[in-house]
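We will go from stop to stop, picking residues as we go.

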Amino acid sequence: MKIHAQRGTKDILPDEAFLFQYVDDVFKETCHAFGFQEIRVPTFEATELFARGVGDASDIVSKEMYTFEDRGGRSITLRPEGTAGVVRAFIEHGMTSLPLPVKLFYNLNCFRYESVQKGRYREFWQLGCETFGPESPEADAEMILLLDRFFQTLGLKEVALEINNIGCPVCRPQYLAALKDYFAPHLSDMCGDCHERFERNVLRIIDCKVDACQTVVKDSPLQEAYLCADCKEHKATLEHRLDSLGVKYRVNGRIVRGLDYYTRTVFEFISEHVGTQGTICGGGRYDGLVETLGGPAVPGVGFAMGIERLLMELKATNTPLPTPSKRDLYILCFPDTRDAAATLVYALRSEGVGADFDIMDRSFRAQMKYAGKGDYLALIVLGEDEVKSGMAKLKWLDSGDEIESSLSADLLATHFYSKEA
Ligand code: ATP
Ligand code: MG
């Protein structure tokens with residue numbers, strides 16, 4: 001019986017892995033320019049971390065988690081997102097007493113039991129950043145500017161930024177009360193999940209993807225009218241910074257984000273090309289999260305971006321992407337020169353040249369065929385004459401150009417690179 005990859009998971013084959021690596025590299029460089037340092041956290045955590053951190057009422061916790069009991073009887077969950085684990089690590093390692101802000105980035109796989117569609121998988125990859133410490137909207141702006149720079153570097157032009165302010169513990173209760181008043185008479189038209197959201201976290205209703213619910217949601221009251229003075233100022237300062245640095249955005253009063261921990265600023269980068277799964281990146285401020293997870297009161301702000309959706313966007317918009325380069329050099333040999341070929345190949349590899357030789361016990365002709373198909377830039381034929389004279393031809397497959405060179409690895413490497421540079 002054949003065993004297949006599990007539904008919602010996929011193999012990332014070399015050409016696609018190359019693109020993942022490209023995006024990862026650009027992200028890493030952008031994070032570096034903005035002073036973020038990498039953190040890596042475990043793939044699984046105590047279930048409690050996500051229940052408390054992401055929120056019991058969120059779709060993620062209530063419907064999408066991969067939770068199981070391990071052999072020691074603990075309840076374990078495969079991370080559905082990165083923030084909760086990063087916050088746990090931040091607290092656990094006493095990073096709260098480091099000079100603030102602490103600015104971290106990550107690149108990790110996430111697991112959610114979702115109904116699988118285009119842009120929606122059960123295992124997917126996220127790039128993200130978290131800043132701990134600043135209460136100031138300058139930190140929110142910095143997140144958005146980092147993303148703006150990242151998209152620009154990738155050459156992505158058509159992602160739109162939407163921002164909102166969903167209030168704080170001072171002003172949100174009044175807003176939630178207004179939402180309840182508004183939704184109560186419409187509940188009979190709404191989905192079962194929304195009935196539950198109405199009881200547990202009415203804000204989540206705004207994020208419901210069911211059409212009937214969205215019909216009701218579109219006329220619901222907006223947070224804006226209920227913001228306290230501090231939240232209003234936070235919002236205005238963020239918008240000022242984005243304006244002053246020329247970042248385009250749209251205020252969308254109906255972004256609430258799928259996670260329970262957000263306060264004040266929330267934002268999304270959306271695209272029209274990723275199907276109904278239009279959100280490429282979402283983020284916001286989570287001033288209460290560190291405390292909720294047992295740390296001191298340290299504010300935070302962050303975002304997470306789906307790599308698969310980002311790649312879909314890059315392809316759908318025909319944004320130029322790098323292509324994997326050919327392999328460097330193939331050494332053809334005969335049974336008598338196999339030892340010499342092995343020595344040369346390993347020496348070339350130490351010089352940083354990608355060198356290969358036959359490891360399939362093939363005839364010279366078959367090696368020749370493989371070298372042509374195997375996408376090598378250049379080859380060397382190592383026969384008895386070459387081994388005796390210590391000289392061989394380095395030949396480029398595309399142009400047919402040749403250089404006669406002594407068989408020392410560093411000289412060959414120099415010739416190879418002078419041509420390839
Ligand atoms: P959605 O509303 O599409 O379900 P979300 O609000 O659940 O998204 P977040 O939890 O904010 O998404 O995750 C951040 C990003 O991770 C998303 O914007 C998206 O790019 C990506 N993402 C989320 N869930 C998936 C998934 N199941 N498959 C692929 N990418 C995903
Ligand atoms: Mg979701």
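**Stop 1: a loop with a proline.** Select P101. This residue sits in the loop between helix 4 (83-92) and strand 5 (102-111). The model is a predicted one. The peptide bond from L100 to P101 is cis, and its omega is near 5°.

Stop 2: Next, pick R264. You will find R264 in strand 9, which covers residues 263-270.

**Stop 3: the ligand.** Select ligand 1 and show the residues around it. There are 16 of them, and R112, E114, R120, Y121 and R257 come nearest. By class, this shell holds six nonpolar, four polar and six charged residues.

Now look at single contacts. Start with R120: an N or O atom of its side chain is 2.8 Å from an oxygen atom of ligand 1. Move to K209, where a side-chain N or O atom is 2.9 Å from an oxygen of the ligand.

How much of ligand 1 does the protein bury? Alone, the ligand exposes 590 Å², and the protein buries 93% of that. Colour the strands next. Strand 6 (123-132), strand 10 (279-285) and strand 11 (300-306) are the elements that give two or more residues to the shell. Which of them gives the largest share? Strand 10 does, with three residues.

Stop 4: Rolling a probe the size of a water molecule over the atoms shows where empty space is left. Across the whole structure, a search finds one cavity of 30 Å³ or more. The largest cavity holds about 40 Å³ of space. The lining has three nonpolar, three polar and two charged residues.

**Stop 5: the whole chain.** Zoom out and colour by domain. Domain 1 takes in 14-171 + 227-316, and domain 2 takes in 327-420. How far apart are the centres of the two domains? Taken over C-alpha atoms, they are 48 Å apart.

Note on methods
Residues numbered from 1 in each chain as written. Chains lettered and ligands numbered in written order. Predicted model: local features only at pLDDT ≥ 70, side-chain atom pairs only at ≥ 80, totals over all residues. Heavy atoms only, no water. Domains from an automatic or database assignment. Near = heavy atom within 4 Å. Polar contact = N/O pair within 3.5 Å; in protein donor to acceptor, adjacent residues only side chain to side chain. Areas by Shrake-Rupley, 256 points an atom, 1.4 Å probe, with all protein chains shown as cover. Helix = DSSP H or I, 4+ residues; strand = E, 2+ residues; numbered from the N terminus. Nonpolar A, V, L, I, M, F, W, Y, C, P; charged D, E, K, R; others polar. 1 Å grid on protein atoms, 1.4 Å probe; cavity = no way out; pocket = protein on both sides within 12 Å on 5 of 7 lines; lining within 4 Å. Points joined across faces, edges and corners; volume = space filled by probe spheres on them.
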